[in-house]
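Subject: Structure for your review

Dear colleague,

Please find below the structure I am handing over to you. I would be grateful if you could read the notes that follow it with the model open beside them.

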Amino acid sequence: GAFSACLRDHRLRRAHAQHGDPAQRGLPMDMIAERCGFAWRTNFARTYRLRFGFTPRDTRELAAQRQRSDAARAADRHMWDWIRTLR
């Protein structure tokens, strides 16, 4: 019914946030799924992919790439700030 669909979506959004959180990167993906109320790993992965269009593993990789990009941008900003101080 509508309630179970709403609950499943809430659990999926929670799992999505945790898979994208760098602080949670060390946790096994099935542990996150279980914490979010999914007992069956295969069911979780399939439902997750249907909801978001990619797998939990893809979410982690995208989050890691974003984190690396953010770090690179921060380093570039720092370098340009340093160059400006040389003037």
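The notes below go from the overall fold to the helices, the core and a few individual residues.

Please keep in mind throughout that this is a predicted model.

Overall fold

The chain contains four helices and zero strands, and its elements run α-α-α-α from the N terminus on. Of its 87 residues, 24% count as buried. Among contacts between residues at least 6 apart in sequence, 61% join residues at least 24 apart.

Helix 1

Helix 1 covers residues 2-20. This helix has 19 residues and reaches 27 Å from its first C-alpha to its last, close to the 27 Å expected at 1.5 Å a residue. Its buried residues are Leu12, Ala15, Gln18, His19 and Gly20.

Gln18 deserves a separate word. With a relative accessible area of 16%, Gln18 is buried, because the cut-off for that class is under 20%. Leaving aside neighbours within four places in sequence, Gln18 is in contact with Gln24, Ile32, Arg35 and Cys36.

Helix 3

Phe44, Thr47, Tyr48 and Phe52 are the buried residues of helix 3. Seen down the helix axis, these buried residues fall within an arc of 110°, so they line one face of the helix. The face turned away from the buried side carries the exposed residues Thr42 and Leu50. Just after helix 3, Gly53 takes a positive phi of about 90°.

Packing of helix 1 against helix 3

Two packed helices are described by the angle between their axes and the distance between the axes. For helix 1 and helix 3, the angle is about 90° and the axes are 11 Å apart. That makes helix 1 roughly perpendicular to helix 3, since angles of 65 to 115 degrees are classed in this way.

Which residues meet where helix 1 and helix 3 pack? From helix 1 come Arg8, Asp9, Leu12, Arg13, Ala15, His16 and His19, and from helix 3 come Phe44, Thr47, Tyr48, Arg51 and Phe52. Leu12 is one of these residues of helix 1. Not counting residues up to four places away in sequence, Leu12 touches Phe38, Phe44, Thr47, Tyr48, Arg51 and Phe52.

In soluble globular proteins, nonpolar side chains tend to be buried together. In this model, the largest nonpolar core has ten residues in all: Leu12, Ala15, Leu27, Ile32, Ala33, Cys36, Phe38, Phe44, Tyr48 and Phe52. Helix 1, helix 2 (29-35) and helix 3 are the elements that give two or more residues to this core. Helix 3 gives the most, with three residues.

The loop between helix 2 and helix 3

Trp40 lies in the loop between helix 2 and helix 3. Is this tryptophan, Trp40, buried or exposed? Trp40 has a relative accessible area of 64% and is exposed, because that class begins over 50%. The C-alpha atoms of Trp40 and Asp30 are separated by 8.6 Å, with the two residues ten apart along the chain.

Helix 4

Thr59 is placed in helix 4, which covers residues 56-85. Thr59 is buried, with a relative accessible area of 6%. Not counting residues up to four places away in sequence, Thr59 touches His16, His19, Gly20, Tyr48 and Phe54.

Asp58 also lies in helix 4. At 35% relative accessibility, Asp58 counts as partly exposed. Asp58 and Gly20 are 38 residues apart along the chain, and their C-alpha atoms are separated by 9.4 Å.

Ala63 is in helix 4 as well. This alanine, Ala63, is buried, with a relative accessible area of 9%. The C-alpha atoms of Ala63 and Asp21, 42 residues apart along the chain, are separated by 7.2 Å.

With kind regards

Note on methods:
Residues are numbered from 1 along each chain as its sequence is written. This is a predicted model: local features need pLDDT of at least 70, side-chain atom pairs count only at pLDDT 80 or more; totals for chains, interfaces and linings use all residues. Side-chain values use heavy atoms; hydrogens and water are left out. Buried means under 20% relative accessible area, exposed over 50%, partly exposed in between (1.4 Å probe, protein chains only). The arc is that of the directions from the helix axis to the C-beta atoms. A nonpolar core is a set of buried Ala, Val, Leu, Ile, Met, Phe, Trp, Tyr and Cys residues joined through side-chain atoms within 4.5 Å. Contact means heavy atoms within 4.5 Å. Axes are lines fitted to C-alpha atoms, for helices over the stretch in contact, and angles run from 0 to 180 degrees between N-to-C directions. Angles under 35 degrees count as roughly parallel, over 145 as roughly antiparallel, 65 to 115 as roughly perpendicular and the rest as oblique. The expected span of a helix is 1.5 Å times one less than its number of residues.
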